[in-house]
Amino acid sequence: MKVLRAALIGAAAAVIAFAVTTAYAQDKKYRFVMVSHIGSNDANMGWLTESLKTFEEKYPDVKTEYISTNNYSVQEHVRLLEQAISTKPDGIAVPIVDSDAFEGPLRKAIDMGIPVVAFNIPDSRPEGERIPYLTYVGGDEYLTGKRLGEYALQQVEAGAIPKPTGVVCAVHDAAHQGLKKRCAGMKDAMEKTGAKFEELFIGAEPAQARTALQSFLSANKDTNYIFSVAGWSSPWVWGVANDMGLKPDVDKEGVTVLTVDEAPVSIEGVRAGHVLASNSQGFWLQGYAPMEWLYWYHTLGYRPNSDILTGPIIINKDNADKWAALVRGVFGDKAYDEQNTWK
Amino acid sequence: MTAQHPLIQVNNLDLFFGQFRALNNVSVDFKSGELVGLVGDNGAGKTTLIRVLCGIHAPTRGEVYFDGQRVVEFHPKLAIDQGIETIQQSVGLCDNLSIARNFYLGREPVKRILGIPFLDFRKMRDISARVIREFGLRENVSPDDEVERLSGGERQSVKIGRAVEFKNRVVIMDEPTNHLSVREREHVNELALQLRSQGLLVIYITHDIFQVHKLADRIVIMENGEKIADASTDSMTAEELEEVIRQGGRVVEKREKK
Amino acid sequence: MLRSLALSNVFRLLEKAPSFGAVIGVTVMLIAFTLVDFSGWWTKQTISNVVHFTSLLAILAMGQALVILSKEIDLSVGAVYGLTGISFIYLQPILGVPGSVIGSLAIAMLCGWVQGFAVVKGKLPSMIVTLGGLFAFRGIIYVLTGGSVHSFPVEAQNHWLTQLLGGEFMGIKGAIIWMLLVLLILSALLWTTRFGNRLLATGGNADSALSRGIRTDRVKIAAFILCACLAGFSGILTLADEPQTHVTIGELLELDAIAAAVIGGCLLTGGRGSLVGAVLGALILVSFRYELIALGAPSSWYISFVGALLIASVIFNQWLARGGGLWLIQGK
């Protein structure tokens, strides 16, 4: 008798559990997959995983998945992409790291009826040629340079920093088209000032980069603006200018340093008064917004008519503290402090 | 001088380079105080055999005994430590080094300064110059000159002088009279006899069976990696031995010295 | 009569020296810079910067010279430089500055030993083994750091050992003094010790060296270990001075090190070369890179220049080794 009662209770529990889980599963109407180039060994992954979590809270009928690898290579990324496509998700968000390599799998997915949203890195080919994704969510390299330049000129108007007489764009990767665009934007912003503009290849190797910049600054003494197109090289360019006695801190004299990125090193550079400004490409939004557009595509049939720019947002001394707090929240204090390489 | 056992014993030696059989079941003994001529045509295996003896190659099968002890590890350093000196044909000198440095290569003399061993250049220069001048090195050639600048005969002189200076128990000479003038050849042959009378084992490799027959106690003939003859020089004449080579048969005879 | 005798003796000494080509190169270069950019080149700032960076590269080049002298090559030195430097930063919180210097140099020596072992025992070409090493050690850097190198604490920067390695003495950067010390010690090792003689013999004719009882395997492994150790030491010196770095540290530095050694007179056929030459080769490379930028030349000019210089150096140094200098003297 006892055994029968136990068995009945057990069976009832099983049925209820089954019902609950299937009901739960039925609540999840959509499954969107983000196949990212940022793995767990990069603190920036936090931006995307955090925003995906927030998205799931706001949209309870969507399940999001974040897929990445710590052993990054384009081949590995393509493999993960094809794997994801084969599970027939309801939407894919992916950065177009290599348009030739991704073309095949993504066109196949789109033909299968799976909508694709690009984030962080667009397919830079013109529409018609490029992968026919729904939209691109992310920053704009040209505008990054332009807005930073415009901000600097605003500060000149306000009397906070000297006028530019010579601008150098310090580039660490001569083949990276995105960096070239940043320099182009800065150049256009500085055009009307009549200041000299030079794009200098410094290389990614720290000691070589420092030599190159040192040599340039010695020979081009009218250079007073240095635009470092990577956040991690901003301490180097500041250090070189400082060692040469060029007074690179943000003030009314000497050299002015500009950089990019919402990484701790860039933010702390601004907070410490070493760097005039940096920019955010709206990383958090690059997790959230693609998912939202995939959702609206399914539920409302909407699609954007142009790319969605989440940046650049200028980070300067006025908002740097807020940015520091925000980034600390995503990276954690330990990682944030470790990545701050300012002396 | 007689010893209890042969200084070097080679038993059933096989040496393969990949599929190629360089030495085939070679068995031969060598005694101290003996001058053995090792004869045969090109490719007979003479140089290969002595390369095993001086530690450059390890046998694929078979054993080598030195002074009654089985040789387990084959490396030139070990052979040199055992007292085997060589004059080899294609190896032995480094063109980029000076005469003095080549002379003392592997056994460089040192002078300690503050406890650190530095090369004793004075000794290296003085002794190498003295020894090699005995072998005909021109007066205007200094021991600091690179060996590359020397003529074939001078290089040979360096090798011979070096072997004589550091002789110990065995001297193996592979075609030592190459590049030498008639007088220099005589000098080398006298030297070989001298070393023998000092109780060393001298193994003398050559093509010229008539010349070595006059010097040697014993002749060993090799062909195609095999030993085809082993006879004392007073039991077979040079002509008879030459016939053995020409016929290419398998003749193994060992006749004792009377 | 006396003067021409003295001149021909100096010439004779020089032409025997494999670094002769590099000496000519430096002389020509300085004359060219004087004519083209006197006021820009001959300033305290330029000269001290150039000599500083030359010293860091020269230490790498000297290590490479030792390996090339043994008739091998080491393509991984840039990666070892980077890995050691980053280990120096990452080990510091755990072991303190002295401990992390020792620990990271030990890592460098391990890298050298593994590669040397693979080359001699595996009988593999060193170009392939060290190419593999280059990728492997670079990969380890990425895995270790996750893409960004963290900062070096201020207390560690002020530590006496860090200051000794990366600081300044009477206005001269520490790296320069360390480089001169390394040059002195290595030159003594190479030209006046048993090991040096055996290294030269192994590179000049490994079979002959072996036949004289030299343990050529051990000699080559020692060369690889020394080379990696020097590359690592240079990495530590770099970071002790400027600890703000990135995962790209040391990228492509192996090419500069090899170019410097070759320009300095090291023949890839082994056994011939010069440490002073390697230092001068480094000086030529750094100076030209510096001056080309200062003169506003496109960055691609530097690469083309190095290529042309390398070819010219190899031709000249080969000619010199074959007694070309003797011809010059006898012609006088």
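**Salt bridges in a predicted model**

Okay, let's start with one residue: A:Lys334 is exposed, with a relative accessible area of 63%. Exposed here means over 50% relative accessible area, buried is under 20%, and partly exposed is in between, using a 1.4 Å probe and protein chains only. A:Glu338, at 28% relative accessibility, counts as partly exposed.

Quick housekeeping: this is a predicted model, where local features need pLDDT of at least 70 and side-chain atom pairs count only at pLDDT 80 or more, while totals for chains, interfaces and linings use all residues. Residues are numbered from 1 along each chain as its sequence is written, chains are lettered from A and ligands numbered from 1 in the order in which they are written, and side-chain values use heavy atoms, leaving out hydrogens and water.

So what do A:Glu338 and A:Lys334 form? A salt bridge, with the closest N and O atoms 3.4 Å apart. That term means a side-chain nitrogen of Lys or Arg within 4 Å of a carboxyl oxygen of Asp or Glu. The two sit 4 residues apart in helix α12 (residues 333–339) of chain A, so about one helical turn separates them. Helices are DSSP runs of H or I, at least four residues, and strands are E runs of at least two, numbered from the N terminus.

Next pair: A:Arg271 and A:Asp321 meet in a salt bridge at 2.7 Å, N to O. This one links distant parts of the chain, helix α9 and helix α11, 50 residues apart. A:Arg271 is partly exposed at 42%, and A:Asp321 is partly exposed at 49%.

Over all chains, the count comes to 39 salt bridges.
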